[in-house]
Amino acid sequence: MKLARKRPRVAEFGDFQTPARLAARVCRALADSMPPPATIIEPTCGVGNLLFAAIGAFPGASRVIGLELNPAHVSKARLRAEGPAA
């Protein structure tokens, strides 16, 4: 008997990246309905879609914290934070 190896789905590991357009819509709705925060915290920031949308929606935040365990996601988020190369 040959057993087929089941490929794990990414979602099984909790790796869901919030689509950038959805993140922007959510953050705009929050900005329209609440006072601006002094600090933005994203405890599972992934590649940063929600984090960067929050920064755009709340430009007055004085502190931004993004946490992520996946080193590849951290690298991508850092590159985004640094912006395009000059």
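**Close-up 1. The start and end of helix α3.** At the start of α3, a side-chain oxygen of Asn70 comes to within 2.8 Å of the backbone nitrogen of Ala72; helices here are DSSP runs of H or I with at least four residues, strands are DSSP runs of E with at least two, and both are numbered from the N terminus. The model is predicted, so local features need pLDDT of at least 70 and side-chain atom pairs count only at pLDDT 80 or more, while totals for chains, interfaces and linings use all residues. Residues are numbered from 1 along each chain as its sequence is written, and side-chain values use heavy atoms, with hydrogens and water left out. Helix α3 takes in residues 71–82, and because its 12 residues should span 16 Å at 1.5 Å a residue, the 16 Å between its end C-alpha atoms agrees with that expectation, the expected span being 1.5 Å times one less than the number of residues. After α3 comes Gly83, whose phi is positive, near 80°.

Close-up 2. Arg80 lies in helix α3 and is partly exposed, with a relative accessible area of 39%, where buried means under 20%, exposed means over 50%, and partly exposed is in between (1.4 Å probe, protein chains only). Leaving aside neighbours within four places in sequence, Arg80 is in contact with Val47, Gly48, Asn49 and Phe52, a contact meaning heavy atoms within 4.5 Å. The side chains of Arg80 and Asn49 make a polar contact at 2.7 Å, that is, a pair of N or O atoms within 3.5 Å of which, within protein, one must be able to donate a hydrogen and the other to accept it, residues adjacent in sequence counting only if both atoms are side-chain atoms. Arg80 and Asn49 are 31 residues apart in sequence, and their C-alpha atoms are 9.7 Å apart in space.

Close-up 3. Strand β1 (residues 39–42) and strand β2 (residues 63–66) run parallel and are joined by 4 bridges, strands being paired if DSSP finds at least two bridges between them. Within this pairing, Ile40 has Val64 of β2 as its bridge partner. Together with helix α2 (residues 49–57), β1 and β2 make a right-handed β-α-β unit.

**Close-up 4. The chain as a setting for the other views.** The chain has 3 helices and 2 strands, which follow the pattern α-β-α-β-α along the sequence. Of the 86 residues in the chain, 19% are buried.

Note on methods
A crossover is right-handed if, with the strands pointing away from the viewer, the path from the first strand over the helix to the second runs clockwise.
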